[in-house]
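These notes are meant for a colleague who is opening the structure for the first time. Please read the points in order, with the model beside you.

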Amino acid sequence: MGTEGFGPRIVELPFGLQVTETVTVTWWIMAGIILLAWLATRNLQMVPGKRQIVVETIVKMINNLTKQTMGEKNIKFAPYIGTLMIFLAVANLAGLLGLRPPTADINTTLALALITFFMIHSFGIRTKGIGKYVKGFFEPFFLLFPINMLGELATPISLSFRLFGNIVGGLIIMSLLYGALGGFSSALLSLNIPVLAVGVPAVFHIYFDLFSGLLQSFIFTMLTMVYVSMAMD
Amino acid sequence: MNVYVLASELRMGLVAIDWMLAVQIANTLILFLVLRKILFKPVTAFMEKRENEVKSQFDAAALKKKEADQLIPEYSHKIRNAEDEGKEIVRSAVQRADKRTAEILKEAEHKATEIKESTQKEIEQEKVKAINTLKNDIADMAILAASKVIHKDIDGDQHKVLIDQFIQEVGDTAWHN
């Protein structure tokens, strides 16, 4: 804990509770998503309006993606996959609103990766049976057990750090860029207002937040689907 | 920890795993449960419902079309029958009209013949009447002429029979010439 660096700030809550801004931003995002979902689905019509068409398209897209990736029989995963996709997309784009993306915190990404890890193994055991599941660790032959074990343990780590690293990398670069542009503004133009920070960061935001952010949320979701459905085969 | 630093300026380490991990797991699960309840389940169920409804409507339409297709031969048969019937009606009407025409013509002809015959008879009668009148006149004139010749009254009644007989003979030959 300190005042330097790029870690999440600590926020004081009533009753002396302390959480990081990761959690408060997550709460805002949750509230926003839930409010939008509630508004969009509270009055469903047979002949849909514009709002309903958007919501139906999103849900249908998620359902179709789940069906294509995990198979028709695993359509029950669609709500979680959809939640993951929507939450990650909004969380990764939070940087555009000047918020610290919750995914720029290892606690968030590891939380999601641990849920995926738990899903991989619980659904693996449930569909294969415990015997076949354990046997899977000794294949193709028993000496590979440690490697298989490491591979399984590496999954949540690689999942969480891939997402975290991409987002926090973007965050750091953007922070440095804003700092540098502010510095240039005062050094070259002798202004206290960072005028150079107008416009230039937009290009970097498009790459780090829009492109990288959406791509990473897609990758995380796809990998979750692939890992879980592979564990169930 | 520096006591002068506000809580909002305090930062966690960049890669520090702490109990926020549990909070974030809980947050994710809450978001998942809420979205499943208010977004994914109702919207998916609703789309399925609509899909089924559309399907059932298409099925109903297909059924109706099938029924209609089955009715086509029946109705075309009916139409053909009606056409035939119409033709038959027209044909019989024409036939009846022809018959009636023939009848009327025949009747007219018959009537014309009748009229002609009766007229001829009348003419004949008139002719006989005229001849008789003429004969009487001639007889009278003959008696008158004869009485002038012999200067003596011929007794009309006495000689009439004789004269009539004469005239009858003469007249007959005269009329036949």
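1. The helices α3(A) and α7(A) pack with their axes 9 Å apart and at an angle of about 160°, where helices (H or I, at least four residues) and strands (E, at least two) are DSSP runs numbered from the N terminus, and where axes are lines fitted to C-alpha atoms, for helices over the stretch in contact, with angles running from 0 to 180 degrees between N-to-C directions. The two helices α3(A) and α7(A) are therefore roughly antiparallel; angles over 145 degrees count as such, those under 35 as roughly parallel, 65 to 115 as roughly perpendicular, and the rest as oblique.

2. The contact between these helices includes Ile81(A), Leu84(A) and Leu88(A) on the side of α3(A), and Leu214(A), Phe220(A) and Thr221(A) among the residues of α7(A); two residues are in contact if their C-beta atoms, placed from the backbone, lie within 7 Å. By class, the contact of α3(A) with α7(A) has 9 nonpolar, 6 polar and 1 charged residues, with Ala, Val, Leu, Ile, Met, Phe, Trp, Tyr, Cys and Pro counted as nonpolar, Asp, Glu, Lys and Arg as charged, and the others, Gly among them, as polar.

3. A word on the source: this is a predicted model, in which local features need pLDDT of at least 70 and side-chain atom pairs count only at pLDDT 80 or more, while totals for chains, interfaces and linings use all residues. Residues are numbered from 1 along each chain as its sequence is written, and chains are lettered from A and ligands numbered from 1 in the order in which they are written.

4. Helix α3(A) also meets the other chain, since its axis and that of α1(B) come within 9 Å and cross at roughly 110°, and α3(A) and α1(B) are therefore roughly perpendicular to each other. Among the residues that make this contact are Tyr80(A), Thr83(A) and Phe87(A) of α3(A), together with Phe32(B), Leu35(B) and Arg36(B) of α1(B); the contact of α3(A) with α1(B) divides into 8 nonpolar, 2 polar and 2 charged residues.

5. Taking the two chains as a whole, 44 residues of chain A are in contact with 37 residues of chain B. On the side of chain A that touches chain B, α1(A) gives the largest share, 9 residues, and that side has 27 nonpolar, 13 polar and 4 charged residues.

6. The largest nonpolar core has 45 residues, and Ile29(A), Ile33(A), Ile81(A), Leu84(A), Phe87(A) and Val90(A) touch the most other members; such a core is a set of buried Ala, Val, Leu, Ile, Met, Phe, Trp, Tyr and Cys residues joined through C-beta atoms within 7 Å. Its largest share, 10 residues, comes from α3(A). Leu84(A) touches Leu112(A), Thr221(A) and Thr224(A), leaving aside residues up to four places away in sequence.

7. Chain A has 7 helices and 2 strands, and buried residues make up 32% of its 233 residues, a residue being buried if 20 or more other C-beta atoms lie within 10 Å of its own, exposed if 12 or fewer, and partly exposed in between, with C-beta atoms placed from the backbone.

8. Two local details remain to be noted. The peptide bond from Glu139(A) to Pro140(A) is cis, with omega near 0°, and Pro140(A) has its place in the loop between α5 (130–135) and α6 of chain A. In helix α1 of chain B lies Ala22(B), which counts as exposed because it has 12 C-beta neighbours inside 10 Å.
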